[in-house]
Structures are given as C-alpha cells and as structure tokens.
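Please read each point alongside the coordinates.

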Amino acid sequence: MTWKVPLTTPTIGEEEKRALMRVLDGGWLPMGPEVEAFEREFAETLGVPHAIATSNGTDGLAMCYDALGVAPGNQVAMSGLTFVASMNVALRRGQIPLLIDITSEDDLTLSVKDLQEKMSPDVHLIVTMPYGGFPCDIQPILELGRRYRVPVLEDAGHGILANYNDRFLGTNGAAGVFSFFASENLTTGEGGMIVTSDRAIAERLRLIRNHGMTRSSYDFFHHGPSDYDIIVAGHNFRMDDMRGAIGREQLRRLHDTTRRRRETAELIKTGILDRTTDIRFPSSGARGKGASYHLLVALLPKEVDRNMFMRRMADRGIQTSVHYKPLHRFTHVQGIWPREPHLPILESVEKRLVTLPLSPSMTEKQIELVIDSTVESLA
C-alpha cells in the first residue's frame with residue numbers, strides 16, 4: 001500500500017550517496033577509518049570520551065550486559081513498555097527480566113516508585129528507555145542504582161539528542177546504547193553505537209565487538225602481520241565502513257532534523273488538541289521539553305476501539321502503529337515468571353496507545369491530513 005502519510009520516512013540524501021560511493025571507490029569495506037571517524041564525531045556530539053560503533057542496537061545491549069558483568073540467573077530490571085530487544089538479550093543470556101510498570105497515563109517511562117518496590121539483591125542491572133524520545137526521571141534511578149550497587153544502562157535508541165538536566169540521554173549511566181535502524185532519528189539501515197565515560201568499560205566493549213582480538217582487520221591489512229592475542233571470548237559485532245560513512249552524514253544534520261521533528265510534532269499535537277479534547281499526548285510535561293520525538297504517541301479515549309481507529313486512519317491513507325505490545329504479552333515468555341508481572345498502570349493504557357506519523361520531512365499538507373484524519377477517526 002502507498003501511504004499518503006507513512007509512519008516515518010528516513011532522511012537520506014545526496015550526501016549519504018556520495019559518502020557511500022567514497023567507501024566503495026576506496027576499496028576498504030569492513031570496519032576502518034570511516035567507523036573510527038564516526039565514533040569520534042559521535043562522542044564529541046554527546047560530550048563523552050568513548051563511543052563504540054556496533055552492528056546494531058540489540059548487539060550493543062548484549063555487549064553491555066556482558067561488559068557490565070551480568071551473569072546467568074541475575075535479574076535485569078526494565079520497563080514493561082519497551083522494545084523486546086532488552087528482554088530477549090537477557091533471556092538468551094540466561095538472565096531473568098524483571099518488568100517494571102510505567103509511571104502514569106501522562107508519563108509512559110519506567111516508574112521509579114515501582115522499581116524501588118521491586119528492587120532486591122537479585123537485580124544486577126537496571127535498563128532505562130526514553131519511551132518515544134521522552135526522558136525518564138533518570139536521577140532517582142541512578143541514585144537507586146548506587147544504593148544497591150547496580151549499574152544503570154540507558155537503552156537510548158529513542159532518545160538521540162534528547163536531554164534532561166542539561167545532559168544528553170545515554171550519557172548518564174554506566175553506558176548508553178543507540179540504534180541506527182531505518183526508522184530511527186539517525187539511520188545507517190542497521191547499526192548502533194555505545195557511549196560511556198568509563199575507559200575500562202570502553203576497552204572491554206571493543207574487545208567483545210571484535211572476537212576478543214587485540215588487533216583489528218584494518219590494522220592487519222595496513223601494517224602487516226604480527227602476533228596477536230584473544231583476551232575474551234568475543235563476537236563479531238562490528239560496524240562496516242559503509243554504514244560508518246552514512247552515519248557521519250546523518251550526524252552532521254542531526255541537530256536540524258531533531259529541531260524539525262520537534263516542530264512538526266508540536267504542530268500536529270496543537271492542531272488536534274485545538275479541535276478535540278478526546279485524545280491525549282502523554283509525556284508533554286517539563287521533561288518533554290528535551291524530547292527527541294522519535295515517536296508521536298497518543299492515548300485514545302477508553303470508549304474508542306483502537307483497531308477501528310487505525311482502520312479509519314488507513315482508509316484515509318494514514319499509517320499508524322502501536323509501540324509497544326507489553327513485554328509480558330508475547331507468546332515466548334508465557335509461563336517464565338512464577339507470577340504474572342504486576343503492571344497495573346501499563347495494563348490500564350495498553351489498548352489505548354497509538355502512534356501517529358512523524359518525520360522531519362513531512363509537508364504542510366501531510367501535517368494537516370494527519371490532524372484532520374485523527375479528529376475524524378475518533379468519531
């Protein structure tokens with residue numbers, strides 16, 4: 001189906017095409033100078049000393065679970081309303097996901113209160129996520145982590161250039177992981193980046209990414225053979241130079257595209273709320289001012305059937321989605337917990353969440369069509 005307004009559109013231009021051809025013409029395709037430059041420029045943008053490019057955001061999470069010392073049987077605390085990757089990484093490593101409720105109908109990020117109530121000596125990692133690009137209340141989460149001596153990992157895929165208390169998301173905890181999937185605010189098709197201020201963590205991450213080897217393929221090729229060692233049992237989680245070159249171009253205009261995402265989201269929200277009070281937009285409070293607006297999520301009235309609303313939007317050529325199905329609803333985790341996770345606030349809103357289209361390239365006509373269609377589809 002050809003959508004009049006797709007859910008999102010990647011902003012790929014001539015700059016990315018030229019960057020890709022530069023790599024293809026240069027003859028070196030694996031991880032090399034373009035990835036190194038991308039890491040350096042990404043770290044400078046976020047104001048951190050270390051950035052480690054990786055194959056995708058999910059692999060970045062796995063690398064961090066390993067580097068932060070989370071062992072089989074340990075609990076990993078995470079929001080019940082997040083992408084399944086953070087849970088799947090834990091499951092595949094023999095760890096136990098501890099699902100935390102959301103804060104409220106107006107704040108869909110991890111609840112500090114519920115986290116505090118569920119913390120125990122079995123928890124060895126806290127994973128936060130800025131749902132839709134809206135910062136969670138990170139400071140008390142960090143304090144809770146320090147109290148229990150548990151590292152906090154920011155799954156910041158939604159939150160690139162989002163900030164809270166003058167700090168970019170991803171730079172607050174032990175490490176932060178970003179995804180560069182096609183729908184992200186910065187895309188390389190696939191790919192990801194980990195940032196940290198801890199040199200020891202950064203060094204371990206680089207080893208894990210490259211089979212645990214003390215030398216890279218680029219080093220071998222350009223400086224000749226010599227002895228090397230394997231320090232840890234690592235993986236191949238490397239990013240290639242083609243994606244590195246594309247990422248550098250995306251990064252150069254990220255501030256501008258983020259500004260346009262914010263402006264477009266505000267136009268859509270204001271246009272809808274000027275005509276109806278039957279729909280709400282969570283996470284619009286003080287922390288919302290620093291949002292990156294990866295998603296534009298709305299909360300439908302209780303009496304509106306979400307499937308019907310989405311069909312009506314589709315009939316008008318507007319693509320919508322749901323972010324996300326709560327983690328404990330998936331088939332592969334049925335029965336893994338002794339008791340059903342207690343997530344009353346999430347369960348009260350899960351069937352009312354709907355994601356409206358948002359991208360920095362939306363035209364005035366598309367914005368008006370989303371506003372009109374949303375209001376009309378509520379009826």
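A polar contact is a pair of N or O atoms within 3.5 Å; within protein, one atom must be able to donate a hydrogen and the other to accept it. The model discussed here is predicted.

1. The start of helix 9. Asp240 is placed in the loop between helix 8 (217-223) and helix 9. The side chain of Asp240 reaches the backbone nitrogen of Met242 at 3.0 Å; the atom involved on the side of Asp240 is a side-chain oxygen, and the contact is located at the start of helix 9.

2. The surroundings of Asp240. Asp240 has a relative accessible area of 16% and is buried, since the cut-off for buried is under 20%. When neighbours within four places in sequence are left aside, Asp240 is in contact with Leu29, Pro30, Met31 and Val35.

3. The dimensions of helix 9. Helix 9 comprises twelve residues, 241-252. From its first C-alpha to its last, helix 9 reaches 17 Å, which is close to the 16 Å expected at 1.5 Å a residue.

4. Of the twelve residues of helix 9, nine are buried, so the helix is largely enclosed by the rest of the structure. The buried residues are Asp241, Gly244, Ala245, Ile246, Gly247, Arg248, Glu249, Gln250 and Leu251. Their cover includes helix 1 (14-26), helix 2 (33-46) and helix 10 (254-273).

5. The packing of helix 3 against helix 4. The axes of helix 3 (residues 57-67) and helix 4 (residues 85-92) come within 9 Å and cross at roughly 50°. The two helices, helix 3 and helix 4, are therefore oblique to each other, and their crossing is right-handed. Helix 3 contributes Thr58, Leu61, Ala62 and Tyr65 to the contact, while helix 4 contributes Ala85, Ser86, Val89 and Ala90. As background, an α-helix has 3.6 residues a turn, so residues three or four places apart point the same way.

6. Pro97. This residue, Pro97, belongs to strand 3 (residues 96-100). Its relative accessibility is 2%, and Pro97 therefore counts as buried. Apart from neighbours within four places in sequence, Pro97 is in contact with Val76, Met78, Met87, Leu91 and Trp337. As for separation, Pro97 and Tyr324 are 227 residues apart in sequence, and their C-alpha atoms are 17 Å apart in space.

7. His328. Which side chain makes a polar contact with the side chain of His328? The partner is the side chain of Glu347, at 3.2 Å. His328 is found in the loop between helix 11 (306-315) and helix 12 (344-349), and His328 is buried, with a relative accessible area of 2%. Residues up to four places away in sequence not being counted, His328 touches Leu99, Val333, Gln334, Trp337, Glu340, Pro341, Leu343 and Glu347.

8. Arg311. Is Arg311 buried, partly exposed or exposed? With a relative accessibility of 45%, Arg311 counts as partly exposed. Arg311 is located in helix 11. The C-alpha atoms of Arg311 and Glu364 are separated by 23 Å, and the two residues are 53 residues apart along the chain.

Note on methods:
Residues numbered from 1 in each chain as written. Predicted model: local features only at pLDDT ≥ 70, side-chain atom pairs only at ≥ 80, totals over all residues. Heavy atoms only, no water. Helix = DSSP H or I, 4+ residues; strand = E, 2+ residues; numbered from the N terminus. Expected span 1.5 Å × (residues − 1). Buried < 20%, exposed > 50% of the residue type's maximum accessible area, 1.4 Å probe, protein only. Contact = heavy atoms within 4.5 Å. Axes fitted to C-alpha atoms, helices over the stretch in contact; angles between N-to-C directions. Parallel < 35°, antiparallel > 145°, perpendicular 65-115°, else oblique. Left-handed = near helix turned anticlockwise from the far one by under 90°.
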